[in-house]
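Please look over the sequence and structure below before reading on.

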Amino acid sequence: MKAAITATAKYLPANILSNHDLELMLETNDEWILSRTGISERRILKDPEKATSFMCGEVGKQLLEKRGIAASEIDLIIVATMTPDMLFPATACLTQSIIGATNAWAFDLNAACSGFLYALNVASGFIENGIHKKVMVIGADKMSSVIDYTDRSTAILFGDGAGGVILEPAKEEGYGILDTRLYADGTNGKDRLLMTGGGSLNPASHETVDKKMHYIYQDGRQVFKAAVTSMAEVAGEIMSRNNLCADDIDYLVPHQANQRIINATAERMGLDEKKVVSNVARYGNTTAGTIPICLAELDEEGKLHTGSNLVLVSFGAGYTWGGVYIKWQ
Ligand code: UT7
């Protein structure tokens with residue numbers, strides 16, 4: 001039996017960082033940001049006491065409430081993140097503690113912007129094999145914790161946020177997560193989008209702080225090119241493997257990094273604009289959070305019906321990328 005999504009939820013911090021706010025901090029302007037990225041504003045988790053696990057906890061509590069189940073029924077929690085509260089213990093264990101899922105085991109998975117699709121695939125395996133009945137998958141990133149707000153090339157792009165789902169066995173054959181393709185290319189990706197400080201290669205020291213090694217570095221142009229090509233290719237692959245034409249697809253749910261990347265992917269798929277989910281204008285790039293946040297919004301808006309065909313695609317640091325085909329139950 002395939003795995004199906006039985007609940008969705010999202011959490012976005014209330015504090016807004018707009019393009020106009022950034023104009024006061026950096027040599028940039030609303031027109032440049034909007035035309036190059038499609039982003040108008042992003043959310044920032046301001047409270048220094050709160051980190052990624054807080055957002056995961058908010059998502060987890062909502063998921064339990066929406067599904068109407070007790071925390072003790074959750075078998076496994078996977079948190080996809082590249083901004084864990086700490087290197088260890090896993091943010092998934094902190095989340096387990098917040099929501100009181102005492103019977104769950106829990107671990108983090110890091111595939112950057114593709115983290116949610118990777119985690120969805122890992123979680124699906126446990127459902128398909130009959131090992132687990134209820135798995136919580138959360139994608140969450142506090143990107144503001146790794147952004148240099150004096151670097152205009154990255155500060156404008158990212159925001160904080162989290163989204164998640166509960167996965168359970170599909171009620172009927174032919175529904176749920178029907179196909180997944182995941183990829184990685186460390187050879188071309190490893191130097192293009194990274195944070196060099198704080199790991200075992202460059203443990204935190206005065207020097208790593210002075211050299212700003214605890215912030216994101218991105219070769220924007222190269223990542224942009226790779227993202228456009230890879231997301232379009234994997235979307236095409238998902239369509240042809242599942243005999244889907246543009247008319248069959250109800251929604252494309254792409255990773256939200258840049259509206260131009262989203263448009264290029266949709267164009268390659270031959271999709272009408274209204275089938276393309278986009279909230280990058282409001283939240284920027286929340287990394288592992290983007291896709292589950294989009295799913296939660298579609299769900300809240302009542303747009304997901306039995307039989308709806310969704311194609312999810314992502315691209316991120318690593319490089320990592322992938323596509324997923326879901327027939328909504
Ligand atoms: O989620 C992970 C995947 N990440 C992505 O998908 C991001 C991929 N990359 C991008 O989205 C784009 O490359 C960016 C939005 C980051 C940059 O857009 P671009 O069209 O590739 O601009 P660019 O980096 O080629 O820079 C063009 C110019 C440069 O000036 P010069 O060298 O031409 O004089 C930059 O210095 O724009 C300048 N620039 C800015 N100007 C105003 C860079 N950032 C800014 C800024 N405001 N914030």
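**Ligand site and one threonine**

In the ligand site, an oxygen atom of the ligand lies 2.7 Å from a polar side-chain atom of Asn 258. The protein covers 75% of the 950 Å² of accessible area that the ligand has on its own. The model is a predicted one.

Polar contacts and nearest residues
- The shell around the ligand has 22 residues, of which Thr 28, Arg 36, Arg 221, Asn 258 and Asn 285 come nearest.
- A nitrogen atom of the ligand lies 2.6 Å from a polar side-chain atom of Thr 28.
- In the side chain of Arg 36, an N or O atom is 2.8 Å from an oxygen atom of the ligand.

Make-up of the shell
- Two or more residues of the shell come from each of helix H2 (30-37), helix H6 (152-155), helix H9 (220-241) and helix H10 (259-269).
- With four residues, H9 gives the most to the shell.
- Nine residues of the shell are nonpolar, eight are polar and five are charged.
- Domain 1 (3-169) and domain 2 (176-327) each supply at least three residues to the shell.

Thr 91
- Helix H4 (residues 91-99) contains Thr 91.
- Thr 91 counts as buried because its relative accessibility is 0%, and the cut-off for buried is under 20%.
- A polar atom of the Thr 91 side chain lies 3.1 Å from the backbone nitrogen of Asp 85.
- Beyond its neighbours within four places in sequence, Thr 91 is in contact with residues including Thr 52, Ser 53, Cys 56, Val 79, Pro 84, Asp 85 and Asp 108.

Notes: Residues are numbered from 1 along each chain as its sequence is written. This is a predicted model: local features need pLDDT of at least 70, side-chain atom pairs count only at pLDDT 80 or more; totals for chains, interfaces and linings use all residues. Side-chain values use heavy atoms; hydrogens and water are left out. A residue is near a molecule or strand if one of its heavy atoms lies within 4 Å of it. A polar contact is a pair of N or O atoms within 3.5 Å; within protein, one must be able to donate a hydrogen and the other to accept it, and residues adjacent in sequence count only if both atoms are side-chain atoms. Accessible areas come from the Shrake-Rupley method with a 1.4 Å probe; for residues, only the protein chains shown count as cover. Ala, Val, Leu, Ile, Met, Phe, Trp, Tyr, Cys and Pro count as nonpolar, Asp, Glu, Lys and Arg as charged, and the others, Gly among them, as polar. Domain bounds come from an automatic or database domain assignment. Buried means under 20% relative accessible area, exposed over 50%, partly exposed in between (1.4 Å probe, protein chains only). Contact means heavy atoms within 4.5 Å.
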